[in-house]
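Me: I have a structure open and I want to learn how to read it. Can you take me through some features, one at a time?

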Amino acid sequence: MKRSLSMEVVRVTEAAAIASARWMGRGLKMEADDAATTAMRQVFDSIPMQGTVVIGEGEMDEAPMLYIGEQLGHDENGPHVDIAVDPLEGTNIVAAGSGNALTVLAIADRGNLLHAPDMYMEKIAVGPEAAGKIDINAPVIDNLRAVAKAKNKDIEDVVATLLNRDRHQHIVDQIRDAGARIKFISDGDVAAAINTAFDETGVDILFGMGGAPEGVIAAVALKCLGGEFQGKLIPSNDEEIERCKKMGIEVNKVLYMDDLVKGDDAIFAATGVTDGELLKGVQFKGGHCTTESVVMRAKSGTVRFIEGRHSLTKKPNLFMEY
């Protein structure tokens, strides 16, 4: 992929973040998601690439745009890439006016992203220091000890993060029994997975079940950061089991980084919609607004944090229509 593509795709997440941030705290999650999706789709048309959506808003008959199989980009001579998007990771977060909502996307060379079905995935994620030390099939206590040792901490100082769901109670009990600490999140486990790679967030390891498509996006980010992500698809009915069979994926088979994103080149970009540990959310200042984004590339290991100032008079399409 062209190196310049990293900077191009940030414009996509910035536009989606600005559009969806207008809906913060208004209790309208579908409107926020629609705003992000529409803005993201419009800007994708200006990116010099030939992209195919492999993880998006649903199948063609389920979503008006950014559906699986949709072709994006405008350059017939541009790189052929797979695209995974979550136009608004944290629709409930934005509706409630809470923290850690992001607009995210991941790009890899054609054929290199797992076309993850829309089902649950069991996940474990860590940053670079603990990469190679975890095992999704191991007891929770073993993974906590491994992270503590890798980061030169006592286990009481380790912070695990997971979605605050009843289905995770058995994990919560094991973390508490081990003496480690917990940071619960209401939604948005892509942000939580990325946070394990940044010491300033205070998060050491991610556990629990979340969406499989989001798992692939998180794996791309952690590949760029030198971290580790492991997952297992957890189908909930016969239809989902059959879909796994058609994809050639064994149920409960561990999916490692190279299963989720192949090759040595991938790009991840995210822009904050609401304030989080890693990125500030969009702030509106009258005639302009500000954004914070992160973009990273696996091949070079480069991570860039970008502060943007956007004129809302010169970009009127970023205003929300009431």
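Predicted model: local features only at pLDDT ≥ 70, side-chain atom pairs only at ≥ 80, totals over all residues.

Me: Which residues of helix α4 are buried?
Reply: Buried means under 20% relative accessible area. In α4, residues 140-150, the buried ones are Val140, Asn143, Leu144, Ala146, Val147 and Ala148.

Me: What covers the buried residues of α4?
Reply: Among the elements that cover them are β5, α5 (169-178) and β8.

Me: Now a record. Which residues does the UniProt annotation "binding site" cover?
Reply: Such annotations may be inferred rather than shown by experiment. In the unreviewed UniProt entry, one "binding site" annotation covers Asp86, Glu89 and Glu214. They spread over 129 residues of sequence, yet they cluster in space, with a largest C-alpha distance of 8.6 Å. Asp86, Glu89 and Glu214 also belong to the lining of the largest pocket.

Me: Where is Asp86, and is it buried or exposed?
Reply: Asp86 sits in strand β3, residues 80-89. Its relative accessible area is 10%, so Asp86 is buried. Leave out residues up to four places away in sequence, and Asp86 touches Leu102, Thr103, Val104, Glu214 and Ile217. Glu214 is one of the residues under that "binding site" annotation.

Me: Where is Glu89, and what does it touch?
Reply: Glu89 is in strand β3 too. Glu89 counts as buried, because its relative accessibility is 3%. Beyond residues up to four places away in sequence, Glu89 touches Asn100, Ala101, Leu102, Gly188, Asp189, Val190 and Ala191.

Me: Which other residues come under the label "binding site"?
Reply: The unreviewed UniProt entry also gives this label to Asp33 and Glu57. They are spread over 25 residues of sequence but cluster in space, the largest C-alpha distance being 10.0 Å.

Me: Where do Asp33 and Glu57 lie?
Reply: Asp33 is in helix α2, residues 29-44. Glu57 is in the loop between β1 (50-55) and β2 (71-72).

Me: Why is Asp33 called buried and Glu57 partly exposed?
Reply: The cut-offs decide: under 20% is buried, over 50% is exposed, and partly exposed falls in between. Asp33 has 12% relative accessibility, so it counts as buried. Glu57 has 27%, so it is partly exposed.

Me: What does Glu57 touch?
Reply: Set aside its neighbours within four places in sequence. Glu57 is then in contact with Asp33, Thr37, Ala63, Met65, Leu66 and Pro87. With Thr37 there is a polar contact between the side chains, at 3.4 Å.

Me: How many aromatic pairs are there?
Reply: Rings of Phe, Tyr and Trp pair if their centres lie within 6.5 Å. By this rule there is one aromatic pair. It joins Phe198 and Phe305, with ring centres 5.8 Å apart.

Me: Why is the pair called edge-to-face?
Reply: Planes over 60 degrees apart count as edge-to-face. The planes of Phe198 and Phe305 stand at 75°, so the pair gets that name. The pair links distant parts of the chain, 107 residues apart. Phe198 is in the loop between α6 and β8 (205-211), and Phe305 is in strand β13, residues 303-311.

Me: How accessible are Phe198 and Phe305?
Reply: Phe198 is buried, with a relative accessible area of 9%. Phe305 is partly exposed, at 45%.

Me: Which residue lies over the face of Phe284?
Reply: Arg22 does, at 3.9 Å from the ring centre.

Me: Last one. Where is Asn195, and what does its side chain do?
Reply: Asn195 is in helix α6, residues 189-195. Asn195 has a relative accessible area of 5%, so it is buried. Its side chain makes a polar contact of 3.4 Å with the side chain of Glu277. Neighbours within four places aside, Asn195 is in contact with Thr201, Val203, Glu277 and Leu278.

Terms used: Residues numbered from 1 in each chain as written. Heavy atoms only, no water. Helix = DSSP H or I, 4+ residues; strand = E, 2+ residues; numbered from the N terminus. Buried < 20%, exposed > 50% of the residue type's maximum accessible area, 1.4 Å probe, protein only. Polar contact = N/O pair within 3.5 Å; in protein donor to acceptor, adjacent residues only side chain to side chain. Contact = heavy atoms within 4.5 Å. Phe/Tyr/Trp six-rings, centres within 6.5 Å; stacked < 30°, edge-to-face > 60°. Lys NZ or Arg CZ within 6 Å of the ring centre and 35° of its normal. 1 Å grid on protein atoms, 1.4 Å probe; cavity = no way out; pocket = protein on both sides within 12 Å on 5 of 7 lines; lining within 4 Å.
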